[in-house]
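The following exercises concern the structure shown below. Each one poses a task and then works through the solution step by step.

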Amino acid sequence: MAFHEYESMLDRPTNLKISDFSYNERLLHVILSAQFDQKMLNKLIRTADRIRALAKSKEGSQFLNSLLSHKRALLYFTQPSTRTFLSFAAACQTLGMAIQSVQDVSLSSEAKGETAFDSVRMFSSYYDMVIMRSVTPNLAECCAYMMNELGRDSRRNTPIINAGAGADEHPTQALLDIYTIERAMSFFSPKDSSQGTLYEQLRGQYPDLSKGLDGKTIGFCGDIRRGRTVRSLITLLAKYKDVKLYFITANHEMLALSNDMKDRLLKQFAEVREFESFEDDLDGEPVINSLDCLYMTRIQKEHNSNNLDEDFGQIDFSKYKLTRDRVAAMREYAVILHPFPRDSDFGEIPTEIDNDKRAHYFRQARNGMWARAALISHIFDVDGSVADFYDAYTLDKKDYNESVLG
Ligand code: NCD
């Protein structure tokens with residue numbers, strides 16, 4: 001197998017590819033964020049919430065552990081990763097899957113000239129799922145096509161999960177980002193009581209505030225052009241109603257939205273606007289004050305050429321870094337996200353912001369574990385068992401509490 005064999009498959013529009021990655025209305029391979037439709041997102045979010053709740057107790061976690069104890073996953077990560085790797089590993093372990101990893105190809109047979117396609121085909125004969133991250137664009141997608149061909153030949157069609165491919169896509173990051181925004185925008189607080197809820201309090205201050213992602217204003221700051229997480233998240237945001245996108249970055253072709261992308265987004269979103277600083281005016285106020293969510297990104301300097309370093313030397317990047325004052329000006333309920341790693345030399349989010357209640361990026365990383373566990377349980381068709389167990393378990397607890405307390 002080689003890339004050129006898949007060229008005609010790769011060149012197809014996204015909507016024609018989606019059915020190639022599902023089986024019986026379930027995701028089989030996860031390659032593109034466009035595979036998640038609104039119904040599936042809602043289902044995955046519910047499953048993630050149930051898994052997170054069950055994992056808190058010994059009984060719940062023993063149940064989760066039994067679900068996929070007959071399955072094995074291989075993590076094939078040949079591009080640096082900390083969170084994605086570990087959260088996938090933890091997600092598999094939560095569901096009882098055994099895991100193994102290949103991270104350094106200099107120690108694998110690829111050092112002897114084996115292709116990545118041969119490697120993945122080999123992995124698929126030992127494992128029941130291959131989760132992969134690679135610098136090579138489209139590698140995961142081509143591996144999924146290879147698996148489908150094997151499946152048509154009555155051989156194992158092992159699920160391939162794209163954990164970041166080249167510059168193109170990072171669908172599971174987009175899933176956990178949506179999960180994080182949805183949770184934050186449900187305005188649920190453990191302190192909610194019959195006397196009042198966080199949502200009611202916030203409505204006092206922001207009368208138009210609604211629950212959920214519909215109608216929200218999402219700001220993106222930093223490296224808009226080169227970040228795969230931004231692209232994948234935008235694909236999912238387009239599935240919600242009346243979302244506004246504000247892009248805050250330097251007016252440079254390697255950082256800002258491309259014209260093509262802008263034209264496409266204008267058709268999908270209620271509003272798409274570009275700003276050159278957090279303080280740019282929007283209806284008489286700095287734009288940062290209007291955001292429900294601010295998605296910060298790191299400048300992807302590993303992709304810089306020498307010329308670009310010089311160009312970037314002319315840009316005043318202090319305009320794209322958070323400060324205490326800027327955060328204090330934001331809406332009280334607004335969420336600050338970052339896919340991480342943040343760049344401590346550049347300082348797009350200084351650590352002094354970490355304790356602000358708007359800083360959700362550590363929570364976001366933890367949500368990755370639940371969102372990925374939900375996704376894996378969907379792929380292996382055990383999400384229904386999660387729901388049944390959760391319902392019985394919570395009902396049991398409620399009955400017990402009522403009989404004891406009542
Ligand atoms: C991102 C990635 O690898 O695309 N990180 C991640 O997966 N959480 C973002 C980045 O490297 O900037």
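**Exercise 1.** Locate Ser106 in the chain and identify the partner of its side chain.

*Solution.* Ser106 falls in the loop between β4 (98-102) and α6 (116-126), where helices (H or I, at least four residues) and strands (E, at least two) are DSSP runs numbered from the N terminus. Next, the side chains of Ser106 and Asp104 are joined by a polar contact of 2.6 Å. A polar contact is a pair of N or O atoms within 3.5 Å; within protein, one must be able to donate a hydrogen and the other to accept it, and residues adjacent in sequence count only if both atoms are side-chain atoms. Finally, 48 Å separates the C-alpha atoms of Ser106 and Glu271, which are 165 residues apart along the chain.

The model is predicted: local features need pLDDT of at least 70, side-chain atom pairs count only at pLDDT 80 or more, and totals for chains, interfaces and linings use all residues. Residues are numbered from 1 along each chain as its sequence is written, and side-chain values use heavy atoms, with hydrogens and water left out.

**Exercise 2.** Which two residues does a cis peptide bond join, and where is Pro341 placed?

*Solution.* The cis peptide bond joins Phe340 and Pro341, with omega about 0°. Pro341 is in the loop between β13 and α14 (361-379).

**Exercise 3.** Find the backbone feature of Asn138.

*Solution.* Although Asn138 is not a glycine, its phi is positive, at about 65°. Asn138 is placed in the loop between β5 (129-134) and α7 (139-152).

**Exercise 4.** Count the aromatic pairs and classify the pair of Tyr206 and Tyr333.

*Solution.* The whole structure holds 20 aromatic pairs. The ring centres of Tyr206 and Tyr333 are 5.0 Å apart and the planes stand at 85°, so this pair is edge-to-face. Rings of Phe, Tyr and Trp (its six-membered ring) pair if their centres lie within 6.5 Å; planes under 30 degrees apart count as stacked, over 60 as edge-to-face and the rest as tilted.
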